[in-house]
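The following exercises are intended for a reader new to this structure. Each task is followed by a solution in steps.

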Amino acid sequence: MASPKKLWPDDSFCTHVRDLAQHSGGRFRLDEDLASCVEGADFIYTDVWLSMGEDKAGWADRIGLLTPYRVTKDVMASSGNPHVKFMHCLPAFHDTDTEVGAYIAREYGIDCMEVSDEVFESDASIVFDQAEILGIYILVVAQFGSFKLPLVILTPIPLTLIGIMLGHWAFGAPFSATSMIGFIALAGIIVRNSILLVDFIRHTQGTDRPLVEVLLEAGAIRFKPILLTALAAMIGAAVILTDPIFQGLAISLLFGLASSTLLTVLVIPAIYVALRSRRPVEIQPTLTDPDL
């Protein structure tokens with residue numbers, strides 16, 4: 001951990017971490033020398049300089065202390081690892097395109113804080129990697145024992161972008177880092193909704209009921225819990241809709257949920273029919289495919 005000594009964690013925390021490292025075979029080190037800390041690193045990770053709830057008057061002190069610890073191209077090169085990756089706890093003020101970024105530039109004369117735009121937008125940055133999508137896919141495969149079914153369940157995730165883009169257009173808001181956080185956060189909610197539908201359909205497997213009849217019943221029965229889940233998240237998001245930093249997050253949650261909730265109950269059954277049978281829907285195929 002590289003930081004000014006003034007910001008080092010207390011001794012009790014450090015002792016606790018060293019005990020954990022001793023049992024796990026890991027290492028723990030505190031140092032003010034940034035270059036020596038990143039040497040040989042596979043990942044370089046930063047956090048926001050001023051956390052939610054902290055007084056904005058603290059900007060001056062944090063900027064003075066932490067500007068030498070910004071992750072720049074030179075810092076990445078100091079690792080000596082050509083494959084080093086950059087990670088960060090969003091939001092990241094890496095340019096002056098946001099209200100906060102522009103304010104910081106006016107007041108303190110710097111064009112970025114935690115990370116330079118060059119690093120944030122580089123191939124080394126995995127801040128927005130959709131690794132959690134792969135994780136969800138693996139979990140669903142393990143749960144249902146099918147490689148095809150998770151593709152059906154994950155399909156509605158891109159549908160959130162329809163609402164997200166329309167929402168940002170309606171508010172005239174830029175697609176920011178917090179907007180992307182909202183999109184990523186929606187993945188879990190959307191997958192849950194898909195599972196509610198698919199799980200109901202699978203419970204009828206082995207019956208002679210027509211597939212279309214089962215799909216209609218699944219939509220009718222599962223729509224209420226899906227809608228209530230979406231409304232609860234949307235109400236929570238509405239509270240931060242006017243916040244200059246987290247407006248993008250709120251827009252993504254509000255409009256992404258609205259579009260995906262409406263489209264999920266239509267798209268999932270349609271894809272299910274398409275994967276189950278290439279025959280016309282009027283033939284009413286039954287639930288016979290063991291992989292679905």
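**Exercise 1.** Which residues form a nonpolar patch on the surface, and what is their accessible area together?

*Solution.* The model is predicted: local features need pLDDT of at least 70, side-chain atom pairs count only at pLDDT 80 or more, and totals for chains, interfaces and linings use all residues. Residues are numbered from 1 along each chain as its sequence is written, and side-chain values use heavy atoms, with hydrogens and water left out.

Step 1. A patch is made of residues with over 30% relative accessible area and no salt bridge; like charges are joined within 9 Å, and nonpolar side chains (Val, Leu, Ile, Met, Phe, Trp, Tyr) within 5 Å. Areas follow the Shrake-Rupley method with a 1.4 Å probe, and for residues only the protein chains shown count as cover.

Step 2. The patch consists of Leu227, Leu228, Leu231 and Ile235, with about 360 Å² of accessible area together.

Step 3. Leucine 231 lies in helix H11 (residues 211-238); helices (H or I, at least four residues) and strands (E, at least two) are DSSP runs numbered from the N terminus. Leucine 231 is partly exposed, because its relative accessible area is 38%; buried means under 20%, exposed over 50%, and partly exposed in between (1.4 Å probe, protein chains only).

**Exercise 2.** Describe the surroundings of threonine 261.

*Solution.* Step 1. Threonine 261 belongs to helix H12 (residues 247-276). With a relative accessible area of 3%, threonine 261 is therefore buried.

Step 1. Its side chain reaches the backbone oxygen of leucine 257 at 2.6 Å.

Step 2. Apart from neighbours within four places in sequence, threonine 261 is in contact (heavy atoms within 4.5 Å) with Asn193, Ile226, Leu227 and Ala230.

**Exercise 3.** With which side chain does serine 179 make a polar contact?

*Solution.* Step 1. Serine 179 is located in helix H10 (residues 177-202) and counts as buried because its relative accessibility is 0%.

Step 1. A polar contact is a pair of N or O atoms within 3.5 Å; within protein, one must be able to donate a hydrogen and the other to accept it, and residues adjacent in sequence count only if both atoms are side-chain atoms. The partner is the side chain of histidine 168, at 2.7 Å.

Step 2. Neighbours within four places in sequence aside, serine 179 is in contact with His168, Pro174, Gly248, Leu249 and Ser252.

**Exercise 4.** How many salt bridges does a search of the whole structure find?

*Solution.* Step 1. A salt bridge is a side-chain nitrogen of Lys or Arg within 4 Å of a carboxyl oxygen of Asp or Glu. The search finds three.

Step 1. Aspartate 61 and lysine 6 meet at 3.4 Å, N to O. This pair links distant parts of the chain, 55 residues apart: aspartate 61 in helix H3 (residues 59-66) and lysine 6 in the segment before helix H1 (11-24).

Step 2. Glutamate 118 and lysine 73 form a salt bridge with their closest N and O atoms 4.0 Å apart. Here helix H6 (residues 117-120) holds glutamate 118 and helix H4 (residues 73-78) holds lysine 73, 45 residues apart. Both residues are exposed.

Step 3. Arginine 29 pairs with aspartate 31 in a salt bridge, the closest N and O atoms being 2.8 Å apart.
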